[in-house]
Structures are given as structure tokens and as C-alpha cells.
Amino acid sequence: MTLAFDLVLCAMIVGAAICAAVAGTIFAAAVFFIVYGIFVSLAWLRLDAFDVALAEAAMGAGLTGILLLRALGRMPASEDRPGPALAPALAGAGLALALGWAFLALPESAGLGPVVRNAAPGAGAENPVTAVLLAFRAWDTLLETIVLLAALLGVWALSRDEAWGLPPGLPQRVRPDGVLAGFGRILPPIGAVVGVYLVWAGTSRPGGAFQGGTVLAAVALLVSMAGLAQAPRVTSGALRLVLVAGPLVFLGMAFIGAVLSLWQPGAAFLALPEAHAKSLILGIELMLTLSIAVTLAALVAGPPEDRA
Amino acid sequence: MSLILPLLAAVPLLGAIAAVLAPRAGKGIGLGVAIVLLAALAVLVGGLNTPVVLPLGGWEPPLGIALRVDGLAAAFLGLAAVVMTGVLIAAPYRGAGREAAAFWPLALLLWGALNAIFLSRDLFNLYVGLELLTLAAVALAALSGSAGALAAAIRYMVFALMGSLLFLLGVALTYAAHGALDLAALPGRNPQPTDALAAGLMTAGLLVKTALFPFHAWLAPAHSGAPAPASAMLSALVPKASFYILLRLWFEALPDLGRPGFLWLMGALGTAAILYGGVMALRQARLKLVIAYSTVAQIGYLFLVFPLAGGGGAAQPWAAGAWTGVVFHALAHGLAKAAMFLCAGLWLAAAGNDRIEALRGAARATPMAVFAFALAAISLMGLPPSGGFTAKYLMVTSAFAAGAPYWALGPLLGGLLAAAYLYRPIAAAFAPVEPELRPVPRGQQAVPLALALGAIVLGLASAPPFDLLQIGRPEAAARGVE
């Protein structure tokens, strides 16, 4: 039964990918890409990788989907689409075959899974994924959150000089009795609770800053799209403080460890004192969530624009 | 040392965050970061006798990530610090407008990404560093906002992200096969049939990012379309980061995979890049495009390290000389190329365009900048006494010692081509006519001059950097004598 389900799921993933690649219009390609993202997140669920499934559904299908559809709205209306691209198709097929061969050629290995599960409680997080993200490989996570910041700075740099200083994105106008206004009142409280829960649960169960932050970003976007609140200007000091709060607290904590290591044997750069590791991880995660949520929402909203 | 490595890794990032919060203070923050990092590097290099390792958070690999500094890492950290300091001093952005608010944090993030890569020993961490580097570089390439720069930046991003994905795929395969990401764990691995595929994918991704011919198509428009301080960083430093990872990968992690055909292919592509980049540079009418195509050519030299020092050749007496020569080339090119792009920026501002004819008489209007450009040109041509000469001398002698004189063809012809394409702007600058350039303050001309002098000093006083590079030099490049 589960084998049949897996086979059907695999077929649907490949089918959605092919449909996205050969779709007749760019709109159809974007929609198939979103469908593909949802199928892939189901596949991660089947592989028991709940954290990855959450992230794939929220970012791969959700935010990327919004970005694609919004970019489509900017493109001049035309029926032109690039013709079939034989070379990329062949390269993709070749790569797929090579990876398939690699999958069969490699012995089954558990990787570092057992080592991580053994060491996780000592790192202040029962969820091994959180232990990897915020203890063992905290340096990666720190750099990743700064990657998000770099992406946002890059997007903002694309604004026109005349529009610099306005809020991100285009000004929104909404009909007061429209669907968006209605959703804008109902969904944000639910989304906010789900987002905060995902962060809270992250220390012991699947969830965490990236997943919770994405949900909260969606809430912020909905509030802004429904016209319920005006986004702050890109030059606003408060907005900028929220954007960097997560990386700043993370980096600051890491650095305190390095300074302490001069006279404390157990301390080190990026090490959290074991007695307080759990509460510090939760604190860092909350700050990261805030920054990730606002950064993602601002990324989707785009560079500041005047209606020109 | 437990504080120096975190300083090098974290201070540029902290500076970038401060510049996001206080865009008006961007220049002051940048210079403050430069002072801290130069001081930290002075302490580091002064006390470096053996490689220093720092497991982050106290978690040793394979569970955690370790930073490590050996001579190679220290040399590249030093190159980044010197070039970035020059660029930050020279950058003209003021106030809190769009360009200033973007430039300062992005430049510091670029520096942070470079340092993260030069310090890292972990394949996935290197991928994250490359991602940060790419995003900052692409955004800087688009900074001017002109249609041409945006198109070049998008093209750059598509190539660079493709490179990232290929690299990541190779990293994932490596982890799947060996359960390890630390470079030091790979030489003693249990060989798997997928190793060659993983190494090939990582290498292909890094070649795209390094812009080795024929993956160079994105480089010239992106590097010439960026504002001059950004071009200096993009050309002098960014391709060196992916090349640095290639060096680590092939000389430290997986030297046993270096098949003769692969090494020969790398050398052939490098030679082709030298010739193609040189010919293309000859045909450009705009100075920034000449300098950008010169980067395509100069990147080619780096890949001669594979046939001269890689694989079975690693055990030969000449290998160490070739390896050191190539690293010298990377350092000398970084200094010279940053100086050239900063000069081009000064002339662009003084003449209103960057056509080579617009430089006529520049030697009278901007003598220091012309002197800087000429010194940088001496290093790029490989004339003595310069870092470029030391590099080419080591490469050419090891090519002859190895009984493979055809690998000397690229450096020798490349030097002639460089002389030809750099002669044009220099001849124009010395034309006996009244210059039509607006005056440029001497202080601004001093920065490229200092960088170009650095490229010359690298050749005049080559012993200290040479000794530095021997600290923790990879086994595959260490056997034999110079």
C-alpha cells in the first residue's frame, strides 16, 4: 500500500516537473511549479523529514510561488515563450541518470544521524535538526540568515533613485468588501499562532525559525496586501533594526563566547554555556524568526516603487 | 588565536549589520573594520608557525565545523584585507541615498563571505560562503542601475547560481558516500564509485564561478558594468575564492582522483583562456572592458597548477614551485587588477567616459594614477621586478623541468598579449596633448598607486610571502625541493 502511494507520488512529482518545463504558457509553468513544490514536500514527509517538508511547503511552494506569480504580473502580456531547449533538457536528463546511478551505486549509510541524535541533548535541543542548526553547525545557520539579508539589500538596490525611501513594493489598494479584505481579517490571527507555535515547538519537535518565520512572513504580506497596515519605509530605522536583530543577537552571542574563551576554558566562539543552552537557543530562535519573517516579507514585496 | 579567527570571521559581518543600521556612517564603519582586520592579520601572520585550527562552538568535525588557517589561507586573507581596505578608502559613496545604503553593507558582506571561505574547511560551509559571496557580488554588479548593468548582473546571477547548484550536488554526493564534509577527512576516506562524479560536479560548479574559459561569458559585462570600486572587488577577489576552493579540493581533499586527462584538460582550458582573453582585450575600445577581458586571461594562468603540480606530477621536484607560483600569481593579479579598476574609475569620473582615446594626455593630468596603472601593467605582463614575474618564472621553470614545455606557451604568449593590450591605454596616456580630463585630487590617486606598488613589492621582497605559503602547504604540493 505505501509502496503504491510512493510510486504514485514519484510519478506525480516527475509529471508536474515535466508539465512545468513544457507548459504552453509561463502562467501554466508557474502553477505547475507550485504543484511540484507541494508534491516534493509530501515526499519529504514520506521520508520522515518533517522539518524539510515544512520548509519546502512554506518556501519552495509558497513564497517562491508568490514571487513567480508576481513577476508574471510585471511581464508584458505576450504569448511568446521560449522554444524547446534541447541542450538544457539533455543536460538535465544526463544529470538525472548520473544521480540515479549514484543512488544505486552507493551503500546505504546512516550518515551522521546516530552521532547527532546522541549529542543533541547535550547541545540544548531535543530536536536533532535544531541541534544541528543552532549548535553543531551554527556557523552555517548564521551565514544563511545573513545571506537572506544580502538578498534583501540586493533587491532594494534595484529600486529607482526617485523611489528610494518609500515602503517596499507597490502601494496596495483593496476594495473594502473584497475577498482579500475578508481574508485579511480572518487569517492573520490564525497564522500568527501557527507561526509562533512552530518556533516554540522547534526545540523538541519539527519546526523552527525558518518555518515559523515563513508563516509569519505570509501573515505580514496578507496584512499589507489587504491594506490593513502600511509597510514601513525602507529607510526606517525601526524596520532596519528588526531586519538585523536575529543575525546581530546570534553573532553577538557567538562573539561573547570568543571573548570569554580568553579566560574561561569551556567557552568558545559560537559555543553556548551548557547550563543555559536551551533558553539561549530559544531566545536566538525567536529573534531569528522575527528577522526572517520581516526579511522574507520585504523580499516578496520587492524594491520600493512609486506608481510611475 | 582563539580570538583572532573569530575576529576575522565575524567583524566584517558585524560591520555590515552596523552599516545597515547607520547607512550615513558606512565609510567610517568600513574603515573601522579594515583597521581591526589588518591588526588581527598582523598578529596572526606574526605568530603563525604551524596551521591553527579552531573547532566552532567546541564541536569537533565531523559533528561540527572547524576553521583553519595555514599559509595559503593567511595569504588570501591578507590579499582580501589589502584590496578591500584600498577599495573602501577609494569608494566615493556618501549620505543615505540608494547607492550608499547598498554599497557599504554589501561590500562588507562580500568581505565577510571571502573570509568565511578562506577560513573554512567544511564543504557545506564553503557552499554557504559561496552563496553569500555570489549574492553580494551580483548586487554590487547591478549597483549603477543602468539597463546594461542590470542585464549583466542577471546573466552573472544565472551562471553563478548554476555553479552553486552543481557544487552543492557534488557536496551532497560526497556526504552521502562518506558521511563527512570536513576536507581533512576526505584523503583517508573509503573510496566509492561515485567519488569521481562528486568531484566532477563540484569542479564544474567552481569552474563556472571562476569564469574559466569557456564559462567566461558572464565576466566581462558584469565586471565592466559595475561601478569601479565594485569592479575592483569583483575582478581581484571574487573569482579567487572559487579557485581557492578548487586548490583545497584537488591538492588536499581528493588528490588521488587527479587523472592525467583531467589535469591536461584543465591546463588546456587555462591556456585557451590566456590566449582568448588576451585577444579579446586587444579588440576592446573601452578601458574597463580591456581590464575585464584581461581578468579572463589572467584566470587562465591559475589553472596551469593542475598539469604542473597535480596528480602524479605532485611527487615531482618541480611541483612545489608550480603550486607556489600559481598562488603568487593569484596574489599579484589581485593587487594589480584592483589598482587598474580604481584607476579606470578615476579616469571615468574625470573624462565622462571610459574610451581609451579619452585618456589622451592623462599622464599630465593624473601622473600618479598613470604611474599606478603602468606598475600594475608591469606585474600583469610578468616583467621583473614584480609579483607577476615571480609567479611566471616559477610556472615556466617548472614547465620546463617537468619536460612539458608546451605549458610554458600560455605564460609566455600571454605576457606578450598583455603587453600589447596594455600598451594602448598607456600610449594614449602619454600622448603629448593637452589633457581634457578634469583634475583628480592626489589623495584619490594614491590608493591605486599603493595597491600597484604592493604587486611590485610582492616580487621585490618575495621571501616573506614565499615562506608564509610553506606553512601547512598541502602534502600533494610539498614533496620535493624548489
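The model is a predicted one. On that definition chain A has 11 helices and 0 strands, and the order of its elements from the N terminus is α-α-α-α-α-α-α-α-α-α-α. The C-alpha trace of chain A spans about 65 × 55 × 35 Å along its principal axes. Of its 308 residues, 38% count as buried. Sequence separation gives another view of the chain: among contacts in chain A between residues at least 6 apart in sequence, 72% join residues at least 24 apart.

Chain A is divided into domain 1 (1–73) and domain 2 (111–308). The C-alpha centres of these two domains of chain A lie 24 Å apart. Their contact takes 10 residues from domain 1 of chain A and 11 residues from domain 2 of chain A. On the domain 1 side, the residues that touch domain 2 of chain A comprise 8 nonpolar, 1 polar and 1 charged.

Within chain A, helix α7 covers residues 138–157. This helix of chain A has 20 residues, and the distance from its first C-alpha to its last is 29 Å, close to the 28 Å expected at 1.5 Å a residue.

The next topic is the interface between the chains. Here 48 residues of chain A are in contact with 47 residues of chain B. On the chain A side, α4 (86–105), α5 (113–119), α6 (128–136), α7 and α10 (237–260) each supply at least two residues. Which of the helices gives the most to this side? It is α7(A), with 13 residues. By class, the side of chain A that touches chain B has 37 nonpolar, 6 polar and 5 charged residues.

The largest nonpolar core has 282 residues, of which A150(A), V83(B), L110(B), A136(B), L140(B) and A141(B) touch the most other members. Helix α14 of chain B, residues 319–351, gives the most to this core, with 23 residues. From chain A, domain 1 (1–73) and domain 2 (111–308) each contribute at least three residues to this core. A second, separate core of 6 residues includes A30(A), Y36(A), F39(A) and V40(A). Returning to A141(B), its contacts beyond four places in sequence are A149(B), A152(B), A153(B), Y156(B), A222(B), G225(B), A226(B), A230(B) and L234(B).

Chain B also has strands. Strand β1 (residues 52–55) of chain B pairs with strand β2 (residues 66–69) of chain B in the antiparallel sense, over 4 bridges. P55(B) has A66(B) in β2(B) as its bridge partner. In a regular strand the side chains alternate between the two faces of the sheet. In β1(B), V52(B) and L54(B) form the covered face, whereas V53(B) and P55(B) form the uncovered one.

Some backbone details remain. The peptide bond from F213(B) to P214(B) is cis, with omega near 0°, and P214(B) lies in the loop between α7 (195–210) and α8 (219–225) of chain B. Another cis peptide bond joins P384(B) and P385(B), with omega about -5°. P385(B) is in the loop between α16 (367–381) and α17 (387–401) of chain B.

In chain A, D48(A) has a positive phi near 65° and is not a glycine. D48(A) sits in the loop between α2 (26–46) and α3 (50–74) of chain A. L270(A), also not a glycine, has a positive phi of about 75°, and its place is in the loop between α10 and α11 (277–301) of chain A. Are these residues buried or exposed? D48(A) has 9 other C-beta atoms within 10 Å, so D48(A) is exposed. L270(A) has 30 other C-beta atoms within 10 Å, so L270(A) is buried.

Technical notes. Residues are numbered from 1 along each chain as its sequence is written. Chains are lettered from A and ligands numbered from 1 in the order in which they are written. This is a predicted model: local features need pLDDT of at least 70, side-chain atom pairs count only at pLDDT 80 or more; totals for chains, interfaces and linings use all residues. The expected span of a helix is 1.5 Å times one less than its number of residues. Two residues are in contact if their C-beta atoms, placed from the backbone, lie within 7 Å. Ala, Val, Leu, Ile, Met, Phe, Trp, Tyr, Cys and Pro count as nonpolar, Asp, Glu, Lys and Arg as charged, and the others, Gly among them, as polar. A residue is buried if 20 or more other C-beta atoms lie within 10 Å of its own, exposed if 12 or fewer, and partly exposed in between; C-beta atoms are placed from the backbone. A nonpolar core is a set of buried Ala, Val, Leu, Ile, Met, Phe, Trp, Tyr and Cys residues joined through C-beta atoms within 7 Å. Domain bounds come from an automatic or database domain assignment. Two strands pair if DSSP finds at least two bridges between them.
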